[in-house]
Amino acid sequence: MNTGKARRHNAAKPPPHPVHPDHASMTRILDESPMRPIHYRIWALSTGGTLLSGVSVFLLGVTLPLVTPIFALPAAGIGLAAAMLMGGTVVGAPLGGHLADRFGRKPVMILDMALLMLATPLAALAPDATTLIGAELLVGMGIGMDFPVGSSYLAEFMPQGRRGRMMAASIAVQSIGMLTGAGFALILLQGARAGDSTWRWLLAIEALLVLPYLIGRLTLPESVRWCMGRGRNAQALRTLESFAPQQKEALSAMVRHLGRKTHQVAKVRPGRRMGIGTLFSPAYRRRTFLVTLPWFFMDVATYGVGLFTTILLGTMRSSGTPGLGTLTRDFTNTLDSGKVDVFLLLGSLLSLWAVPRLGRIRMQIIGFTGMSLGMGLLYFATGMTGGSGAHLPLVLLGFITFNLFMTAGPNATTFILPTEMYPTQVRAFSAGFAAAVAKIGATVSVFLLPVIQAALGVTMVLVLMGGVSLLGLLMTYLFRVQGHGLTLEEHHGPILPQ
């Protein structure tokens, strides 16, 4: 992590490409601003992708056992339906990031919510498995577009001292989304009957959650840093007045002096066209490995376990409670999933304290270690006398440990790091690229998990999930980059010692 010595080393050297002092003054207003109501409004409306990600994953996991007999889905069909939700994010994340870097953060944040307003009712009204799978693909695209744009937008507005905590709070909303999904599912499943339309109501809930985000985002300001990076300094001024109304005259003078000058701080040559080549340039290659590989392995484990927690619990419970009907099993397993997912929220709350205090890299390493331990407990339970169904407290402890450490560490840090590792002109695309790589892992995981479980059993699933958690730990350690406590612009000054 960054030490006082490293910060002094960074402060002792000027950036390789000096920034105009007026631009620096404008970013300093953002970095040093006290928290104002507009900060909290920006935060709340930036959480659309994270909330809907949690809701959609949980509700689809509950819905799949209900639609399987209705649509006669084989194991591969179940995996495909789940994989389309993840696969859509693979397409949506880099697309949303690219559009946001080119056209601005705000238009894309509105566009992705509009897409979700079309896709979520389509999923709920699907007449067959093909339509449901296609609708889940569109839902995934909308959520995927929002992840890099929302995180970049939030990072570019938050004061430097509160950025880590507010971004950790943003990804914590994903856990709230899963618990929200669990609450709705428990209410609706109590009155459900075999073969009825309960699953449609479960999926329709997502549309009700999208609408407030779509309406609220219409009045959001454009990112100040994006405006300055495009030379739109007058537009940046109008927004900055909300953060520093007492400096209105000084800001006006700055803007008159700057005109259409662009603001750029990067480790690559000014004027160079930024894109995928920037991510793999010598200056940023290590950072790209850091933000992609651990997130890839985390999502293999997180979405594989998270989406199928209800199904895995049912499989591990079956040896102890045979003869239950589909609805009874789904309700019971959903109830246990909800109990387990409470610890997603507790881990997220822990991350609000731990990530700013201990730093991104240290918490990522601690989190991956705990995830591996959780899978180890589940593996141990399956090998005990009587099987896992006879040791449900240990099974629940394994899931709880996995969820607690995952959300306290990697789930927060992998979301934060891409927004800090790259300059403004390519920030959203870079975050989208990292998210897309991660969601490839999630897509492969949720597609293959039911197939692997059917062919090799739940024990092999647990071994694989534990293994990828250890790989995430290893990749974090190998490609770690110091920088805890720096502003977004300081991240792109002299390269800090490893």
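Buried means under 20% relative accessible area, exposed means over 50%, and partly exposed lies in between, judged with a 1.4 Å probe and protein chains only. At 0% relative accessibility, Q364 therefore counts as buried. This is a predicted model, in which local features need pLDDT of at least 70 and side-chain atom pairs count only at pLDDT 80 or more, while totals for chains, interfaces and linings use all residues. Residues are numbered from 1 along each chain as its sequence is written, and side-chain values use heavy atoms, with hydrogens and water left out.

Start with the whole protein. It has 21 helices and zero strands. Helices (H or I, at least four residues) and strands (E, at least two) are DSSP runs, numbered from the N terminus. Of the 498 residues, 59% are buried. Contact means heavy atoms within 4.5 Å. Take the contacts between residues at least 6 apart in sequence: 85% of them join residues at least 24 apart. The accessible surface comes to about 18,400 Å². Carbon and sulfur atoms hold 67% of that surface. Such areas come from the Shrake-Rupley method with a 1.4 Å probe; for residues, only the protein chains shown count as cover.

Now go inside. A nonpolar core is a set of buried Ala, Val, Leu, Ile, Met, Phe, Trp, Tyr and Cys residues joined through side-chain atoms within 4.5 Å. The largest one here has 139 residues. M26, I42, L132 and F157 have the most contacts inside it. Helix α7 (residues 129-157) gives this core its largest share, 14 residues. F157 is in contact with L30, H39, I42, P221, E222, S223, V224, T239 and F243, leaving aside neighbours within four places in sequence.

Return to Q364. This residue sits in helix α17 (residues 360-382). Its side chain makes a polar contact of 2.8 Å with the side chain of T476. A polar contact is a pair of N or O atoms within 3.5 Å; within protein, one must be able to donate a hydrogen and the other to accept it, and residues adjacent in sequence count only if both atoms are side-chain atoms. Not counting residues up to four places away in sequence, Q364 touches P294, P410, T413, T414, L417 and T476.

Helix α19 comes next. Among the buried residues of α19 are P410, T413, T414, L417 and E420.

A polar contact of 3.1 Å joins their side chains. R163 lies in helix α8 (residues 163-190). R163 counts as buried because its relative accessibility is 2%. Beyond neighbours within four places in sequence, R163 is in contact with A155, M158, R360, E420, L486, T487, L488 and H491.

Charge pairs follow. Side chains of opposite charge can pair when their charged atoms come close. A salt bridge is a side-chain nitrogen of Lys or Arg within 4 Å of a carboxyl oxygen of Asp or Glu. The structure holds 10 of them. D101 forms one with R105, with the closest N and O atoms 2.7 Å apart. D101 counts as buried at 7% relative accessibility, and R105 counts as buried at 0%.

R427 and E156 meet in another salt bridge, at 2.8 Å from N to O. This pair links distant parts of the chain: R427 is in helix α20 and E156 is in helix α7, 271 residues apart. R427 counts as buried at 1% relative accessibility, and E156 at 0%.

E489 pairs with R225, the closest N and O atoms being 2.9 Å apart. Here too distant parts are linked: E489 is in the segment after α21 (458-478), R225 is in helix α10 (residues 224-229), and 264 residues separate them. Both E489 and R225 are buried. Salt bridges that share partners also join D101, R105, E156 and R427 into one network.

L80, I440, V444, F447 and L448 make a nonpolar surface patch of about 370 Å². Patches are made of residues with over 30% relative accessible area and no salt bridge: like charges are joined within 9 Å, and nonpolar side chains (Val, Leu, Ile, Met, Phe, Trp, Tyr) within 5 Å. Helix α20 (residues 424-456) gives the most to this patch, with four residues. F447 lies in that helix, α20. At 32% relative accessibility, F447 counts as partly exposed.
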